[in-house]
Amino acid sequence: MPRMIFMNDSLVPEHEAKVSVFDHGLLYGDGVFEGLRSYGGRVFRLDAHLDRLYASGRAICLAIPLAKPAMAKAVVDTLAANNLADGYVRLVVTRGAGSLGLDPNKTSHPQVIVIADTISLYPREYYERGLRIVTAATQRTQSAALSPRIKSLNYLNNIMAKLEGLQAGCIEALMLNHKGEVAECTGDNVFAVRQGRLVTPPPDAGILEGITRAAVMELAAAAGIDCREMALVRHDLYTADECFLTGTAAEVIPVVEIDGRVIGSGVPGPVTKRLTDDFHALVRQTGADR
Ligand code: PXG
C-alpha cells in the first residue's frame, strides 16, 4: 500500500501529493513547519505543537487555511492511514504558488501537508555513551534578522551549522548567538547540570522554544530539581557536571564531549538519566494531562 499524505483537505497516495514549482515554500523557504511524534497511538503534546505552528504562521503573516481542530484531526488521521502507532509527523504549511517575485501577497492558497513516517532515531550507542559535539562557527540568526522562535521552512542557518558538525565527525553542533552566548543545537535545545541544578538558555538567547525542553523543565520541577533559564557561555558547558540535549526526534540525549573537552566524568550523568527515564514514562503515560 502506498504511503498516504494529507494534502490540503484530504488523504492522497504519495505520488499524488505534489506542490507547484512556483510555491514560495520552494522558491524562498516561505512557510512554516512542525515535527511531532506519536507514542502508542497518541500524539505527544499535539496542542503545544499546533500552538507553535500557528504562532509561527502569524509571525510571518501566513494564515493557515485549516482551523486548529481540523489540523489536529489531519495529524491523527494521517498516522492512522499509515498504520503508525509510534511515528513521526511532519506538518508543513507553505505560502503557496505565486509569481516569481518575493511578494507574498502575489500568492494564493497556502498548501497544508502532513507526512507521517517511522521515526529514525540517533543510534542507541549515543544514548548509552553520550554524544560528542562541536561548536559551529555559524551563528544562530539574530532575532532582528529572523527570529529563531519561528519554525520556518528557512532552515539553512541550522543546516550550515549541521554541516560543520558533520565535517567534524559529530551528528549535532552547538550554535552560539551573536553575543557569543550558547543558543541551542541545530535541531535540539541544550541543558547543563551544575551542582545538581539545571540551567538552559532563555528564549531571548535566540532559540526555538522546544516542546521537549518545556516537558523536561516540568519533569525537573516535579522531581525537585531546580531549573533556571539563564544566559550561558561555552565556559558554563565546558565546566558543567552534565550536559544533554532535548528535541522531538532525539528526546533526551546525553552530551559527554564538547569541542574536545570532556564534560563531567565523560559518561551520561545521574540527572540526565533520571530525566531520560521520566521523559520515557511521560510519553507513555495515558492520562490527558501528559
Ligand atoms: N531547536 C531547533 C532549532 C529545532 O529545530 C528543537 C530545538 C527542539 O524542539 P522540540 O519542540 O522538537 O523539542 C528543534 C526541533 C530533524 C528535526 O529532523 C529536528 C527538529 C524538528 C524537526 C525535525 O532533525 N527540531
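**Salt bridges**

A: Arg45 is buried, at a relative accessible area of 17% (buried means under 20% relative accessible area, exposed over 50%, partly exposed in between, with a 1.4 Å probe and protein chains only). This is a predicted model, in which local features need pLDDT of at least 70, side-chain atom pairs count only at pLDDT 80 or more, and totals for chains, interfaces and linings use all residues. Residues are numbered from 1 along each chain as its sequence is written, and side-chain values use heavy atoms, with hydrogens and water left out.

Arg45 forms a salt bridge with Glu218, with 2.9 Å between the closest N and O atoms (a salt bridge is a side-chain nitrogen of Lys or Arg within 4 Å of a carboxyl oxygen of Asp or Glu). The two are 173 residues apart: Arg45 is in the loop between strand 4 (42–43) and helix 2 (46–59), Glu218 in helix 6 (residues 211–222). Helices (H or I, at least four residues) and strands (E, at least two) are DSSP runs, numbered from the N terminus. Glu218 is partly exposed, at 44% relative accessibility.

A second salt bridge joins Asp51 and Lys68, whose closest N and O atoms are 2.6 Å apart. Asp51 belongs to helix 2 and Lys68 to helix 3 (residues 68–81), so the pair ties together parts 17 residues apart in sequence. Asp51 is partly exposed at 41%, and Lys68 is partly exposed at 33%.

The whole structure has 20 salt bridges.
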